[in-house]
Amino acid sequence: MKQTDRPIANPIVVLREEFDDWAVLFNADTAAAVGTNPVGVAVWKLMDGKRDIEGIVSEIKNSFEDTPDASGEEIAAFVGILAENGFVGMEQDSN
Amino acid sequence: MYEALREKEKVEPTTPRFMRTPRSLTIEITSRCNLRCRYCYFFNNPEVVYRDLPTDEWLTFFDELGSLGVMTLTLAGGEPFIREDLPVLLDGIVRNRMRFAFLSNGTLIDDEIAAFIAGTGRCEHVQVSVDGSSAQAHDSCRGEGSFEKALRGIRTLQRHQIGVTVRVTIHQHNVHDLENIAHFLLDDLGLPDFSTNSAGYMGTCCVNADEVLLNVDERKVAMATLLRLTEKYPGRISSSAGPLTDGRMWRRMEEARAQDKPAFHNGGRLTGCGCPSNKISVRADGAIVPCNMLAHMELGRINHDSLAEVWQNSPDLNQLRSRHNISLAEFEFCAGCSYIPYCTGNCPGLAYTLTGQVDHPSPDACMRRFLEDGGAII
């Protein structure tokens, strides 16, 4: 098994879309919670182990208007924070 | 990243602003209890049906809660540890990616259930009621032998490294024991902290009010003692109601009034209860209610009504949410009161039991009345 660069959401984490502009990712095992906005929610939903960060950024740019130039770096940093806190892992490649 | 991206997605807040689904629920998983405490809010409520649901009903409901993204359940009762199927219920909670906590008298907690709870890794804490530093004070309202059993339960939980919190309910028989209670809980038992409340005019307490409820002088004693103890044990004694909360709040209100300060941001209206914005409760018989303190207000029934539908569209719940728009100046009860700009009207549950109206300030938390009855700000 080889680790890929395709992030995959930890299935134990709950996504709560609490308001139109606010959501919470909640890890029931650790009680850790992260607040995020609709773009973060979209990123979260794209972390299915099939796309790498570049693919996710591309999808976000297609979905949201006027995406800032730095959005790629910001999304990468966001995913990195989630990974450090156990919200996200990297898909394993069986090949 | 969040700030940069949020700018373009910014949405003006709606009014009233409440979550799409509740974050947490308090669930009375049983109406049975092995104790009959003299100030229990739960029993002797003529508007409540005391009936337990079978295991399957709760498990079905937990599946619904999981689908709604509920984060935490507080399991109450009755006494939650009296349910023989508790491990099955906890499995259902864990399976649905939720965490849980307990409100308990502690007397039925043994190694077997403590080991099970610890094994889930999902327990926030178990809150055990301890009302005295000795059996005499504790058992006076909770029944003979309950002190030793509660302590045994706490030590069992500690042995299994489950978080324990203690709630001290203050009444006539322990109000002069508060120093000893703090020493006992924080120094002897080594608990990180504890919380306090006082017996309130609800349920069984209504029957025993004369022998249980604090009078004005005892409230003064409780407030002064607790305020002193919070200085001795910084950050280790808390409250969300009762003498410590009143003592702190009334001191702020008096200072503000004396200095003619602007109204508090939540002052002058019925803002004392924020619960309906993020949590809701379920009675042991499956009735959905806004809060255990408003157990008469049935909003729907689990597994019959959609919780999301109740949460978002119940007229009664939305009425409760809009309670914060009601000005205290509208009430004859508050006429001429100089504390109005700093007052929140406090708990609607107590307001209901004392006045018969939910949309009314709670007389129990009225600072002016307390002072008129001989009270003083510490």
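Predicted model: local features only at pLDDT ≥ 70, side-chain atom pairs only at ≥ 80, totals over all residues.
Student: Let's start with chain A, then: in what order do the strands of its open sheet run?

Tutor: Three strands form that open sheet in the order β2-β3-β4 of chain A, with antiparallel pairing; strands here are DSSP runs of E with at least two residues, helices are runs of H or I with at least four, and both are numbered from the N terminus. Two strands count as paired if DSSP finds at least two bridges between them.

Student: Which strands stand at the edges?

Tutor: Those are β2 (13-19) and β4 (32-36) of chain A, and each has a single partner strand, so one side of each is left without a neighbour in the sheet.

Student: How many bridges join β2(A) and β3 of chain A?

Tutor: There are five bridges between β2(A) and β3 (residues 22-27) of chain A, in the antiparallel sense, and A:Leu15 stands opposite A:Leu25 in β3(A).

Student: Switching topic, how many residues does each chain bring to the contact?

Tutor: Chain A brings 27 residues and chain B brings 19 residues, where two residues are in contact if their C-beta atoms, placed from the backbone, lie within 7 Å. On the side of chain A that touches chain B, the elements giving two or more residues are β2, α1 (38-46) and α3 (71-84) of chain A, and the largest share, six residues, comes from β2(A).

Student: And what about the largest nonpolar core, how many residues has it?

Tutor: It has 94 residues, and those with the most contacts inside it are A:Val43, B:Ile93, B:Met98, B:Phe100 and B:Ile288. A nonpolar core is a set of buried Ala, Val, Leu, Ile, Met, Phe, Trp, Tyr and Cys residues joined through C-beta atoms within 7 Å, and a residue is buried if 20 or more other C-beta atoms lie within 10 Å of its own, exposed if 12 or fewer, and partly exposed in between, with C-beta atoms placed from the backbone.

Student: What does B:Met98 touch?

Tutor: Not counting residues up to four places away in sequence, B:Met98 touches several residues, including A:Ala28 of chain A and B:Leu65, B:Val70 and B:Ile93 of chain B.

Student: Which strands does β4 of chain B pair with?

Tutor: β4(B) pairs in the parallel sense with β3 (residues 99-104) of chain B over five bridges, and with β5 (residues 164-170) of chain B, also in the parallel sense, over four bridges. B:Phe100 stands opposite B:Cys123 in β4(B), while B:Val126 stands opposite B:Val164 in β5(B). Five of the seven residues of β4 (123-129) of chain B are buried.

Student: One last thing, is B:Asn44 buried or partly exposed, and what about B:Asn346?

Tutor: B:Asn44 is partly exposed, with 16 other C-beta atoms within 10 Å, whereas B:Asn346 counts as buried, with 23 C-beta neighbours inside 10 Å. B:Asn44 has a positive phi of about 60° although it is not a glycine, and phi of B:Asn346 is near 65°, a positive value in a residue other than glycine.

Technical notes
Residues numbered from 1 in each chain as written. Chains lettered and ligands numbered in written order.
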